[in-house]
Amino acid sequence: MKNHLSVCITEKLYKQVLILKTIIMKKIITIAGSNSQKSINKSLLAYTSGLLKNVEVISIDLNDYLLPIYGADFEAENGIPTAIKRLDELFDTADGFMVSLAEHNGSYAAVFKNTLDWLSRINMKVWREKPMLLMATSPGGRGGASVLQAASTYFPFMGADISDTFSLPSFYENFREGNIIEENFRKELYDKTARFSKEQ
Ligand SMILES: Cc1cc2nc3c(=O)[nH]c(=O)nc-3n(C[C@H](O)[C@H](O)[C@H](O)COP(=O)(O)O)c2cc1C
């Protein structure tokens, strides 16, 4: 009887701790600027968000938010797509963002830019004045430097509080089996992730 009682109390306490944890824990939204199933930016994000401790990580896959191409006429006729309203509501709950951008012809991949344009039609402060770790990677030696430059210049106008930017060049040489194998890049990202974590 005594044993049963103590098991019940322990279970109740455990459940209360879990509930408390979900209320208190910071929520980090990760979003890769790519709709590729084998996206290297998704891999970089998975690695980086894995370095975070005691936070809830919500990974956005743009394939789950299929959208028409933004157009003023389409918007006037049809309004804002439900998928974008859902994403906007999710962004309201974020304590921070980790973003990793694919570079297509020196700029954002179309799927990401389209999502950003739609989101900005609800709230221009897409990034909610929250801390952001902004990254890019590519198979080439510039590591998405152009898209990173474009985003780091413009995202602050959209409410991003960028703690750091990080570029991983030559992805397939520097990233193997879920890990950054080049020590300098690994250390740089560790330090930047630690700084991002402190800003929550
Ligand atoms: C249409 C197109 C344009 C591209 N342009 C660039 C570019 O300007 N700079 C670059 O570094 N890589 C470029 N790439 C290569 C991408 O960096 C590569 O496909 C990368 O895997 C994209 O990231 P993701 O895997 O996360 O989608 C381009 C690829 C495509 C398909």
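**Exercise 1.** What is the order of the five strands in the open sheet?

*Solution.* The structure is a predicted model, in which local features need pLDDT of at least 70, side-chain atom pairs count only at pLDDT 80 or more, and totals for chains, interfaces and linings use all residues. Residues are numbered from 1 along each chain as its sequence is written.

Step 1. Strands are DSSP runs of E with at least two residues, and helices are runs of H or I with at least four, numbered from the N terminus. Two strands pair if DSSP finds at least two bridges between them.

Step 2. The order is β2-β1-β3-β6-β7, with parallel pairing. At the edges stand β2 (55–60) and β7, each of which pairs on one side only.

**Exercise 2.** Describe the pairing of strand β6 with β3 and with β7.

*Solution.* Step 1. Five bridges connect β6 with strand β3 (residues 96–101) in the parallel sense; here Leu101 is opposite Ala136 of β6.

Step 2. On β7 (residues 160–168), β6 pairs in parallel through eight bridges. Leu134 has Thr165 as its bridge partner in β7, and Met135 has Phe166.

**Exercise 3.** Why is strand β6 largely enclosed by the rest of the structure?

*Solution.* Step 1. A residue is buried if 20 or more other C-beta atoms lie within 10 Å of its own, exposed if 12 or fewer, and partly exposed in between, with C-beta atoms placed from the backbone.

Step 2. Strand β6 (residues 130–137) is largely enclosed because seven of its eight residues are buried.
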